[in-house]
Amino acid sequence: MTTSQTAAPLLIAEQVIKRYGKFTAVNGVSLTVAARTIHSVIGPNGAGKTTLFHTLTGTVPLTSGRIVFDGQDITRMPDHQRVRRGIARSFQVTSLFGRLSVRENLRLAVQGAHAASGYDIWHPPQGARAHAEQIDALLARLQLTALANRGAAELSHGQQRRLEVGMALAARPKALFLDEPTSGMGIDDLDAMKALIRSLAADHTVILIEHNMGIVMDISDRITVMQQGRVLVEGAPEEIRNDERVRTAYLGNMITGGRQ
Amino acid sequence: MNVYLLQIVNGIGLGMLYFLLAVGLSIVFGLLRFVNFAHGAFYLIGAYLAYQLVHWGVSFWLALAVAPLAIGVIAWLLEKALLRHVYDHPHEFHILITVGLALVIQEVVILIWGPIGDNVDVPSTLQGVVIWGSFIYPKYRLFVIGFTAIFALALWWILEGTRIGSAVRAGSESTETVSLLGINVFRILSLVFALGAATAALAGVLAAPIRGVDPFMGLEALSVAFVIVVVGGMGSFGGALIGGLLIGIIQSVMSTLWPQGAQLMIYVAMAAVLLLRPHGLMGRG
Amino acid sequence: MKALQRHRFLLLAAFATVLLPMVLRSGSLGTEVLIYGLAALGCNLLLGYTGLLSFGQGIFFGLGSYAVGILTTRAGLPVVPSVLLAIVTGAVAATLVGAFAIRQRGAYFVMLTLAFAQMFYFLAYSLPSLTGGDNGLLNVPTPSLGLLARLGIAPQSPWQFYTITAVVFLAVFWLLERVTTSVFGRTLLAIRDNEARALAIGYDTRHFKLAAFAISGAVTALAGAFHAMMTGIAPLSDIGYHTSEMILVMTVIGGTGNLFASLLGAAFYLLMSDWLSTLWPRWLLLLGLALIAVSLFLHQGLWGLGEKLAGLARGRRNPAGEHRA
C-alpha cells in the first residue's frame, strides 16, 4: 500500500486537549493523517484513545486545540455537522438502533449523510428514499444480507460489531473512525472483521483504535502510540514494533502479532 | 417592623423548608438516576400523619420524630416491592410508576381524611411571638428555621464525613465503583430512597402548622421541589440550600409586592436561571 | 388490500368515530373522547415516537382553549380563523417551551416540562383581565354547519358538533399518520431509540425534537380549542397540572406503540370516569394502580394487552407491537 507524501493531509489535529473537570484525558495530542492511508492509534487502557476519537469526530467538544479536516477548520463543529464534511465513526461500545431492523439502521445512516435529510414530513422512505441498492451493497459487504430484516438487538455480538462498522461506511465518508471494531469478538467472527477492515483500506481513509496487534501491524501505514493522554511515539509499524518505550508501555507482551 | 424584613425572614423560613424538600429529591436522583414523582406524596402523608397523631393527642414533638421515620419505612418497603422492578426499564417508566404511586397515595389520603383540608395547631410551647426590640416574629417560624438549619448541618456531616455518605456520593458517580468497594449497592439505594422520603415527610410535618394540611399540597410541593433542584443544580447539596433560600425569599417578598404573581415569580426565576446557567447555580454538567 | 393494511389504524379510528354515537347516549361525551383523543395523539407523538415524556401538554391545551375564547368573545373573530390562530399559538408556545426543555435530557427534561406547566398555570391565573382568572372565559360559541342541519342533525343537538369534531379528528389522524410514517417520523423513532447514534450519523436531534414539539403543540391546541367550543368555557383548569397529567395518563394507558392506541386511551379514561365516578369518587386510585401496572409489565398499554390476549387466543405468544421498520 502506498502512502501519498505529496498531497495535503486529510486530517490535522494540533495540540488537542480534553479535560473533564480536573481530569485531563487528552493532554496535547497532535496527529496528521494522509488521505487513503490507515492510521492506527494504540496504547494501554486509559491512554485517552477513545476520548481523542470523541474530539476528532465531534462527539464531545475539545477543551483546546485545533482540528482541520479536508482543508476546513472543524474545531467547533458538533458531530452531526462533521458527518456532512465526510467524517463517520463506529463506537467501542456497540451503539445501534436496537429496536429497528438492520436495513433501517443502515438506511438512517445513509440518509444522515445528506444535508437537510430527514426533515421530509410527508413522504415515507420508499422508492429512491429507500436507498435500496446502496444498502444491499452494504449488506453484502458486511455479510449481513440474510439478517436485513431482523432487529439490530437480535444480532450476535460479532454481527453487531460489523453493523457498527457498516453504520460508518453507509455515509460514504472521506474518513472512517473505527473504535476497537473487533472488541469482544470471538475467533470465528474475527476473520470476517479483519477481511472487512482490510477491504476498507482500498478506498477509504481509516483511523483505527485497536488492541488486536495482528490487524494493526498488518494493515497500518502509520501508528500513533498513546499513553496517559499524550503521544508516546509515532511511526511506521516496524519502528513501533521495535521501540523500547512502546514495549515498556505495554509491558512487552502485546506487540507480537502480525508478520514477523 | 419593616414589612420587607418580615418577608425576608419569612422567605428564609420558607426557603429552609424548600431546601428540605429539594435535598431529598436531589440525592435520590444522584444515586438512582431517576426523579421520584411521588416525592410530593411523601411530603403529603408526612403532614397528614403528623396531623392525625396530633389529633389523637400525641405531642407534636413525638409526631415530628415518628412521622418521618414511618414514612421512611413505607418508602423503603415501596422501593423494595415496586420500584426495584423498573430499574432496567426505560426511564419513562421509572417516572410513570412514581406518578401512579403519587396518584394512589393522594386518593388514599382523600379516602381517609376527606377532600377538604384542615389546620394543625402550633405546639403550645411554640405559640406566640418573640420580641427583640422592633423585631416581632412568630416563635414557631423561628423554630422551623433553627431546626432545619441543624438538620441541614447533620445531613451535610453525614454526606461528607461518614462512610455511608461517601458511598452515596460515590454511588452517584458510578454504581460499579460502589459495588467494587464492597458495599451492597441495593441496600444503599433503598436506604437513600427512604432517607429522601423521610426528609420530604419532615418538611411536611414542619409545614403543617404554618399552612395546614390538604390533599393537594403534594403537587404543590413536587413542583416547587423541581424548581429548587433546577435552580440549585441537580445532585448538589449546596445548590438545594441556595436554591431553596433564593426561591423562598423571592416568593415571600413578591407576595407583598404582587400577591397574585408570587407563585408565578418562582417559575420565572427558574426560567431565568435556566437561560443563564442551564445546569443550575451549582450544578455540574 | 395492501393499502387497507397500511391504513388499518386510520380505518380503526374511522370505525370508532362511527361506533361512538351508536354506543354512547351523550353527544358531548363522544365529542370529549375525540377531543382528548387528539390531545393524546399530540402527547404520543412526543412520547411514543420521539421518546419525550412531557408533563406540559396542558399548556398547549389551555392555550388553544384561551386563544379561541379570547378571539371569539373579545376580538369577535369568526370560528375558523380563531381555531387556526389557536393552532399557531400552540405550535409557537410548544417551540418555545421545547427550546428550553430539550437542553436537558431524561428525567431533568420531564421535570422542566412540569415546572413550565405550573408556570403557565400561574401566568394565566395572574392575568385575569386576559384569561378571566379563576372564572375563565365564558360564552365561547359552538360552531354549527348548515350542511349538517340539512342532513337531519339539528343544530342544537350535541351530535352536530360531534360530527364536526369527528371529521377534524380523522383529518388530523390521517395527517399524523403521514408524519409518523414519513422519513421525518422514522428519524424521530431513531432518535428515541438511540440519540447518541442519531447524532453520530448526522442528525441534528435538537431540530427534530423541536419540530415534534411544534406539531404536538399544534394538535394539542386544536384539541383545547374544540374543548372550549364544546363546553362554551375556556377555564383555568384546562391549563392546569391535572389536564397535563390526564392527557399523559391517557396516552400511556392506551399505549404508545401506534396512533390508534391514543384514541383507545382517551376513550378508556373518559368512559371509565363517566361510569365509575358516580359509583366511587376515588376511582382515580384505580387509575394510579393501572399506571403502576403498565410501568411494571404492560409497557404497550391497553393496545399491548389486546395484542397479548389476541395472541393467546390464537394459541401462540405474540410479541407486543413495537415499531419496526
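The contact between chains B and C draws 36 residues from chain B and 32 residues from chain C, with two residues counted as in contact if their C-beta atoms, placed from the backbone, lie within 7 Å. This is a predicted model, in which local features need pLDDT of at least 70 and side-chain atom pairs count only at pLDDT 80 or more, while totals for chains, interfaces and linings use all residues. Residues are numbered from 1 along each chain as its sequence is written, and chains are lettered from A in the order in which they are written.

H6(C) gives the largest share, 13 residues. Sorted by class, this side of chain C holds 24 nonpolar, six polar and two charged residues. Nonpolar covers Ala, Val, Leu, Ile, Met, Phe, Trp, Tyr, Cys and Pro, charged covers Asp, Glu, Lys and Arg, and the others, Gly among them, are polar.

Of the two pairs of chains in contact, B and C share the most contacts. Chains A and B have no contact, and their closest C-alpha atoms lie 9 Å apart.

Within chain B, helix H10 (residues 237-257) packs with helix H11 (residues 262-276) at an angle of about 145°, their axes 8 Å apart. Axes are lines fitted to C-alpha atoms, for helices over the stretch in contact, and angles run from 0 to 180 degrees between N-to-C directions. The residues of this contact split into seven nonpolar, two polar and no charged.

Technical notes: Helices (H or I, at least four residues) and strands (E, at least two) are DSSP runs, numbered from the N terminus.
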